[in-house]
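Me: I am new to this structure. Please show it, and then I will ask about its parts.

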Amino acid sequence: MVSTFIQLLLSGAIAGSVYALLAIGLVLIHNGTGVVNFGFGDQLMVGVYILVFAQQFLGLALPPAILVAVIVSGLLGLAIQSLVMTPLRNRPVLIPIVATIAIGAALREGVRAFMGPNPWPVPFLLSTSPYRIGGISIVPSDLAILGTAIVIMACLYVFFEFTRYGQAILAACANPTGALIVGIPAGTTTTGIWVLSSMLAAIAGIVIAPLTTLTPDIGLIAIKGFAAAVLGGFASLPGAVVGGILLGIIEALAGYYISSAMKDIVSYAILIGVIVLLPSGLFNRVSVRKV
Amino acid sequence: MWGNLAWVLWLAIAALAPFLAGQYLLYNIGIVATTAAIVSGLTFLSGVAGLISIAQSAFVAIGSYGAVLLQMHLGIPLLIGIPVAAAIAGVVGWLLGFLCLRLDGHYLALVTLAFMGIVHYTIINLDITGGAVGLAVPSVTLFGFTLDSPMAIYVMAVTASAITLWSIDRLIHSRYGRMLRALRQSDIAAVSLGADRRSLRTMALATSAVAGGFAGGFQALQLTYLDPQQFTIVTAVFYIAIMVVGGMRSVHGAIIGAAIFVFVPGFLSGLEHYMAFILFFFVTVMIVVMPDGLVSIFSVGDRLSGWMASRHGRKNA
């Protein structure tokens with residue numbers, strides 16, 4: 001019993017670490033530009049397809065293929081930001097949101113047309129044969145997911161806390177006008193945010209895709225990122241990390257103890273429940289915006 | 001001026017189609033009408049109230065499944081069941097708005113996205129809705145006659161769509177529509193003049209849900225089968241795209257957008273695989289270069305005459 005529970009916590013935390021990456025990508029763009037990126041899941045999908053394309057059609061080995069996928073995803077983010085989001089930056093927030101929805105749908109349908117609607121195999125990062133340690137089975141490929149997520153988060157922590165550029169992005173997120181006044185170029189930080197967030201989408205996709213099936217609709221997994229971000233209050237990066245891991249664990253527990261169909265519906269329910277009951281997330285004090 | 005002219009044109013097309021169009025074209029014109037009516041709900045919500053919903057397909061599902069289930073299990077005739085199911089969709093929309101519209105607009109997009117997912121999962125997992133297999137839509141019977149000919153379905157669907165579109169058009173130009181527009185343009189000014197932001201926005205979501213449920217119920221008659229795959233986040237996004245392409249400020253935009261999405265794939269049949277991609281790519285380009293939609297091409301005339309009138313006035317003064 002106890003080992004089942006620990007096993008569930010572990011697998012929940014592993015999935016949750018990927019949700020945390022998704023949530024970080026979403027929160028970054030939201031904080032930096034005031035827009036929720038509804039095309040994020042489709043950017044993730046494109047990242048994984050680039051990996052598959054680089055491997056199967058260009059004949060690259062896994063590590064360079066991953067590098068190509070992450071870099072091209074970053075360039076895609078750059079293109080979206082400079083061609084669509086920048087021209088729309090002064091329009092009512094409805095317009096850029098609809099733009100992200102449309103870009104996401106265009107990416108999804110473009111990939112469906114180009115690569116076909118059928119699933120593609122995605123390589124695991126490490127072996128999938130489990131080791132047993134004291135009644136708990138540990139799968140190297142799962143540990144690779146957790147390890148990747150932890151390394152990425154550590155890199156982001158160093159980037160935001162200890163580099164000039166990271167500090168500039170945080171400042172622009174916290175107070176755009178203030179950042180402009182002290183001389184932080186808004187255009188550069190916005191570009192940085194979009195590139196970084198798009199690369200995160202690709203990385204999250206590459207680690208999670210082997211566990212599910214890669215079809216053009218894999219982008220729906222972004223809903224977990226939304227739920228994780230909302231749990232964390234949609235404002236802070238640490239909140240996004242905790243929200244992601246919490247969501248992964250809740251999902252694993254609900255899937256086992258209630259029913260496996262619950263697993264899919266949990267993130268939808270959390271999304272609605274948290275927004276309605278705790279609009280500023282689990283960790284922030286409620287601050288009602290006055291008119 | 002253009003608005004009235006457009007109404008005359010739409011009504012003429014709808015009235016002449018049964019005499020001039022073949023069966024296939026007639027069916028498609030009917031689909032354009034119901035799709036436009038579904039989208040007009042979104043036009044009201046986004047174009048007038050400035051909110052975004054990714055759940056229009058969910059309200060369409062409530063309208064169509066609701067009407068069919070009311071007929072199958074309670075024996076309520078479809079022509080009564082559809083308005084009842086549309087009212088249920090409205091209540092659900094109102095509740096959703098009541099729960100989350102005290103917050104920023106972003107949150108409505110997220111909540112409706114989640115709501116859409118829940119409705120889709122519910123349809124697939126319940127026995128009463130036929131699960132993943134779906135449900136056949138029974139025929140309408142009226143005074144002992146079975147109305148299942150393509151012509152009868154066309155007449156019912158187009159009439160219902162015309163009622164929906166005309167009602168939304170009137171609402172846009174009503175006091176209620178003007179208050180919502182004022183809220184969208186400057187909520188501080190509108191609230192200080194006594195507009196109740198939360199209840200107005202909640203009513204806007206309920207209105208769009210009723211339009212979706214009502215027109216969706218009649219679209220179910222045209223499609224004759226309810227397949228759960230028609231009611232997903234993907235189809236909800238299609239409705240948003242239709243609204244954007246036509247233009248989100250008037251119901252004419254919804255009609256133009258729906259016509260493009262129904263007819264253009266037929267013209268470009270050699271590009272079938274790339275059709276959806278081309279349409280969404282076009283939508284993205286439209287948002288950047290022509291954010292008021294295709295309908296804004298026509299308002300160039302209005303702007304020109306307004307400009308000439310103002311010049312003329314200045315000369316006289």
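Me: Which element of chain B has the lowest mean pLDDT?
Reply: This is a predicted model: local features need pLDDT of at least 70, side-chain atom pairs count only at pLDDT 80 or more, and totals for chains, interfaces and linings use all residues. Residues are numbered from 1 along each chain as its sequence is written, while chains are lettered from A and ligands numbered from 1 in the order in which they are written. pLDDT is the predictor's confidence in each residue, from 0 to 100, and helices (H or I, at least four residues) and strands (E, at least two) are DSSP runs numbered from the N terminus. Among the elements of chain B, helix H3 (residues 56-74) has the highest mean, 94, and the lowest, 56, belongs to helix H13 (residues 296-316) of chain B.

Me: What is the mean pLDDT of chain B?
Reply: In chain B, 91% of the residues reach 70 or more. The model as a whole scores ipTM 0.86 and pTM 0.88. For chain B, the mean pLDDT is 85.

Me: Which helix gives the largest share of the side of chain B that touches chain A?
Reply: Two residues are in contact if their C-beta atoms, placed from the backbone, lie within 7 Å. The contact takes 37 residues from chain B and 33 residues from chain A. Helices H4 (78-100), H5 (105-125), H8 (187-192), H10 (233-246) and H12 (275-289) of chain B each give two or more residues to the chain B side. The largest share, 13 residues, comes from H5(B).

Me: How many nonpolar residues does that side of chain B have?
Reply: Ala, Val, Leu, Ile, Met, Phe, Trp, Tyr, Cys and Pro count as nonpolar, Asp, Glu, Lys and Arg as charged, and the others, Gly among them, as polar. The side of chain B that touches chain A has eight polar residues and one charged residue. Its nonpolar residues number 28.

Me: Which residues of chain B does Leu271(A) touch?
Reply: Leu271(A) is one of the residues that touch the most other members of the largest nonpolar core, which has 196 residues. Such a core is a set of buried Ala, Val, Leu, Ile, Met, Phe, Trp, Tyr and Cys residues joined through C-beta atoms within 7 Å. Leaving out residues up to four places away in sequence, Leu271(A) touches Phe226(A), Ala227(A) and Val230(A), and from chain B Leu110(B), Val111(B) and Ala114(B).

Me: Is Leu221(B) buried or exposed?
Reply: A residue is buried if 20 or more other C-beta atoms lie within 10 Å of its own, exposed if 12 or fewer, and partly exposed in between, with C-beta atoms placed from the backbone. Leu221(B) is found in helix H9 of chain B. It has 27 other C-beta atoms within 10 Å, so Leu221(B) is buried.

Me: Is Thr224(B) buried or exposed?
Reply: Thr224(B) sits in the loop between helix H9 (197-223) and strand S4 (225-226) of chain B. Its phi is near 60°, a positive value in a residue other than glycine. Because it has 12 C-beta neighbours inside 10 Å, Thr224(B) counts as exposed.

Me: Which elements do the buried residues of H7(B) pack against?
Reply: In helix H7 (residues 175-185) of chain B, the buried residues are Met179(B), Leu180(B), Leu183(B) and Arg184(B). They cover an arc of only 140° around the axis (taken from the directions from the helix axis to the C-beta atoms), so they lie on the same side of H7(B). On the other side, Arg175(B) and Gln185(B) are exposed. The buried residues pack against helix H2 (23-48), H8 and H9 of chain B.
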